[in-house]
Amino acid sequence: MKSKWWLIALFICLLVACLAPLASSSPDGLERVAEDAGFIGLGQDAPYQVIADYVFPGIENEALATILAGVVGTLVLFGAAYGLAWLLKTRRRRAA
Amino acid sequence: MHIPDGFLNVATVATTCAVSAGGVGGAVRMVGKKLGEKQVPLMGILAAFIFAAQMLNFPVAGGTSGHVIGAALAAILLGPWAAVLIMSCVLIAQSLIFQDGGLLALGANIFNMGIVASFSAYYIYKLVTWLAGANRRGTLIGGFLAAWFSVFLASTCCAIELALSGSSPFGVVLPAMAGVHALIGIGEGLITGVVLSLVLATRADLLQLQRT
């Protein structure tokens, strides 16, 4: 069981992602400063959108769309960072 | 604190991209040399946790919100170079998939929230645990202070980049960014402390791993 501790940890991460609809929707620190100092207008939107603003496209219920975006992102990042770490470790073993 | 495209001028974009590319390259080399078997899944877990936790904006004073950066937690558990890699993964995914943080501003975002936040947190944590002892108390105090300073210094760097780009004068943007993020840093410190005490209670060996 101990060798699979990360399964439990990943489950906790997914639970955290499910709390995302409860997050404050106020502007964050930088956005707030940009509004107050009058340079928010300089910001440009991305040339394309995938899951823009953490809302999964095509789902009416906004809370559900946010949770889905969070779950997808959490799994993508677990896979990406795990994969990168595994690759770096394997490459070293081959070089040695 | 994700900078969108348009806030930074060409010179700042080019400089921060070059510095961050060098930093990430260094991180790949250092992590490749040092990473242990047990740390591979931990890299994945920290990236997943930091992404999820960054979605949870908490309110701070006056209709403003903030979210954790997470670099301090990663730097304390895995060291600064691994933290730079983890933060880069998170920031690249946020920019490419979630349109949070500009593509051209990615270099600046990796510099502020990856490199500056990870290294400042790591050395402040080392200093505090050296002064207060590497026990539970020292770990939690060190974690809180490391997290607070990482947010404060990242926001200061962000403000300097904005001022150098001509988006806003130094005298306006520097105190505004530092002031708001001094508050957000308290949230980062508390959350980092809670997660570290959870790690101490369940997998204290992860904190030992980092020291060797």
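Me: What relative accessible area does B:Lys38 have?
Reply: This is a predicted model, so to speak with caveats: local features need pLDDT of at least 70, side-chain atom pairs count only at pLDDT 80 or more, totals for chains, interfaces and linings use all residues, and side-chain values use heavy atoms, with hydrogens and water left out. Residues are numbered from 1 along each chain as its sequence is written, with chains lettered from A and ligands numbered from 1 in the order in which they are written. B:Lys38 falls in the partly exposed class because its value is 48%.

Me: Which residue is the salt-bridge partner of B:Lys38, 167 residues apart from it?
Reply: A salt bridge here is a side-chain nitrogen of Lys or Arg within 4 Å of a carboxyl oxygen of Asp or Glu, and for this pair the closest N and O atoms are 3.6 Å apart. B:Lys38 sits in the loop between helix 1 and helix 2 of chain B, while its partner, in helix 8 (residues 205-211), is in a distant part of the chain. Helices are DSSP runs (H or I, at least four residues), numbered from the N terminus. The partner is B:Asp205.

Me: Which residue joins B:Lys38 and B:Asp205 in one network?
Reply: B:Asp205 is partly exposed, at 25% relative accessible area. Salt bridges with shared partners tie B:Lys38 and B:Asp205 into a network that also takes in B:Arg203.

Me: Which residue of chain B does A:Lys89 pair with in a salt bridge?
Reply: The closest N and O atoms of this pair are 3.3 Å apart. The bridge crosses between chains, running from helix 3 of chain A to the loop between helix 1 (10-34) and helix 2 (39-54) of chain B.

Me: How many residues apart are A:Asp36 and A:Arg32?
Reply: They form a salt bridge, with the closest N and O atoms at 3.3 Å. A:Asp36 is exposed at 58%, and A:Arg32 is partly exposed at 23%. An α-helix has 3.6 residues a turn, so residues three or four places apart point the same way. Both of these lie in helix 2 of chain A, about one turn from each other, which is a separation of 4 residues.

Me: Is B:Glu161 buried or exposed?
Reply: B:Glu161 belongs to helix 6 (residues 136-164) of chain B. Its contacts (heavy atoms within 4.5 Å), leaving aside neighbours within four places in sequence, include B:Ile3, B:Leu8, B:Thr12 and B:Phe111. With a relative accessible area of 5%, B:Glu161 is buried.

Me: Which side chain has a polar contact of 3.0 Å with the side chain of B:Glu161?
Reply: A polar contact is a pair of N or O atoms within 3.5 Å; within protein, one must be able to donate a hydrogen and the other to accept it, and residues adjacent in sequence count only if both atoms are side-chain atoms. The residue in question also shows up among the B:Glu161 contacts. The side chain is that of B:Asn112.

Me: What is the distance between the end C-alpha atoms of helix 6 of chain B?
Reply: The expected span is 1.5 Å times one less than the number of residues. For the 29 residues of helix 6, that comes to 42 Å, and the model agrees, with its end C-alpha atoms separated by 42 Å.

Me: How many of the 17 residues of helix 4 of chain B are buried?
Reply: Helix 4 (residues 80-96) reaches 24 Å from its first C-alpha to its last, close to the expected 24 Å. It is largely enclosed by the rest of the structure, because its count of buried residues is 14.

Me: What is phi of B:Gln99 near?
Reply: Most residues other than glycine have a negative phi. B:Gln99, in the loop between helix 4 and helix 5 (106-132) of chain B, is buried at 14%. Its phi is positive, near 55°.

Me: What is the phi of A:Tyr54, roughly?
Reply: A:Tyr54 is in the loop between helix 2 and helix 3 of chain A and is buried at 14%. Although A:Tyr54 is not a glycine, its phi is positive, about 60°.

Key:
Helix = DSSP H or I, 4+ residues; strand = E, 2+ residues; numbered from the N terminus. Buried < 20%, exposed > 50% of the residue type's maximum accessible area, 1.4 Å probe, protein only.
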